[in-house]
Amino acid sequence: MMRISVIVPAHNCENTIVKCIESIIKQDYKDLEILIVENNSNDKTYLLCCDLEKKYRQVKLLQNKEVGVSAARNKGIDFATGDIITFCDSDDYMEYGILEKVSSKLQGNVGIVVVGFKIVDTFGNVREKCLIGQNENWTTEDFIVHTLEDQLVMGSCWNRYYRADLIRNIRFDTSLTMLEDGYFNVCFASNNHDVICMYLNDIGYNYVIGSTNASHNPDNKFDNTKYRFFKAIDLMEANCTLTQREKKACKVSRGRLSSRAQLITKSQRKNSEIQKLRWKNLKKTFWKYAPNYFLCPFVTFKEKVKGIIKYSIQ
């Protein structure tokens, strides 16, 4: 049996960390380690993590002085002893039985398994089930395209299970605060061209919306007037050896990200020069990459119309 390491960054999550960890503990999988990486919480998170470490033999608590989810994930990779590595955010939780299903698929030349997920609210109500409809084997090029273009797959790391030996020399970029997991995934694929990337059409994760996480604050998504998501795309194009199809996927992603950006209202633009420049930059990006975005088969008609309406506002 292959050992699975689950890395859980923990920062100011006293209300959710126990549910998160116990959703992993309750999996029907024996050879399991859970690495909680706590960093500088100012609530009861650290004390709760200490209790979890005492209560469950699978749990190991690490502390990280460097703030940020990327630094925490990197420390987890450094200490992980599993043959398979995955991640779980502290305000989310795993679906029962997924570890057993995944471990049986990560065999031979399969280097990564991607699973489906549910979007749920804080009360557990299901808002959306994200599944593509069937199991599939992808090339790394397919993987990058789905990562950048397909909202049913997303660019996250929490619905992916990596063969540990393939990510030992890959790390999350700590300069990124948005789309850092998307960049990590593209780096993984561009460094492992020969592996099979498997999509498993099973729900494996519950992604919770409606939290008060700082990343949900619109102002945190900008460096002055530049949308922070675009920095990750810049790094992909600069640092990864991409095929023409993958480069096109980067353009689609720019169109999608600008289309899905929170609306900056006319009133906000009138009262703030920074908001006006943010809007101008997003609008310019959307229309520049609209041809790629509109032709993408993963973008729904509804999404296209929303983008057109949003950026047709003067």
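Trainee: Does Tyr227 count as buried or exposed?

Mentor: First, a caution: this model is predicted. Now the general idea. Buried means under 20% relative accessible area. Tyr227 has 7% relative accessibility, so it counts as buried.

Trainee: Which residue forms an aromatic pair with Tyr227?

Mentor: Look at ring centres first. Rings pair if their centres lie within 6.5 Å. By this rule the count comes to 20 aromatic pairs. In one of them, Tyr227 pairs with Phe229. Their centres are 4.9 Å apart, and the planes make an angle of 45°. That makes the pair tilted. Phe229 has a relative accessible area of 14%, so it is buried.

Trainee: Which residues form one aromatic cluster?

Mentor: Find these six names in the structure: Phe87, Phe143, Tyr162, Phe172, Phe184 and Phe188. They form one aromatic cluster. The charged end of Arg73 sits over the Phe172 ring, 5.2 Å from its centre.

Trainee: Phe143 is also in helix 5. How many of the 10 residues of helix 5 are buried?

Mentor: Nine, so helix 5 (residues 140–149) is mostly covered. Phe143 is among the buried ones, and so are Asp142, His146 and Glu149.

Trainee: Now helix 2. Which of its residues are buried?

Mentor: In helix 2 (residues 45–55), they are Thr45, Cys49, Cys50 and Leu52. Next, check their directions around the axis. They span an arc of only 160°, so they lie on the same side of helix 2.

Trainee: Which residues are exposed on the other side of helix 2?

Mentor: Leu47, Lys54 and Lys55 are exposed there.

Trainee: What covers the buried residues of helix 2?

Mentor: The cover includes strand 1 (4–10), helix 1 (17–25), strand 2 (32–38) and strand 3 (59–63).

Trainee: Let me try a single residue. Where is Trp279?

Mentor: Trp279 is in helix 10 (residues 273–295). At 6% relative accessibility, Trp279 counts as buried.

Trainee: Which residues is Trp279 in contact with, leaving aside neighbours within four places in sequence?

Mentor: Contact means heavy atoms within 4.5 Å. With those neighbours set aside, Trp279 is in contact with Leu263, Ile264, Arg269, Lys310, Tyr311 and Ile313. Look again at Arg269. Arg269 lies over the face of Trp279, at 4.3 Å from the ring centre.

Trainee: How many residues apart along the chain are Trp279 and Thr225?

Mentor: They are 54 residues apart along the chain.

Conventions
Residues numbered from 1 in each chain as written. Predicted model: local features only at pLDDT ≥ 70, side-chain atom pairs only at ≥ 80, totals over all residues. Heavy atoms only, no water. Helix = DSSP H or I, 4+ residues; strand = E, 2+ residues; numbered from the N terminus. Buried < 20%, exposed > 50% of the residue type's maximum accessible area, 1.4 Å probe, protein only. Arc of directions from axis to C-beta. Phe/Tyr/Trp six-rings, centres within 6.5 Å; stacked < 30°, edge-to-face > 60°. Lys NZ or Arg CZ within 6 Å of the ring centre and 35° of its normal.
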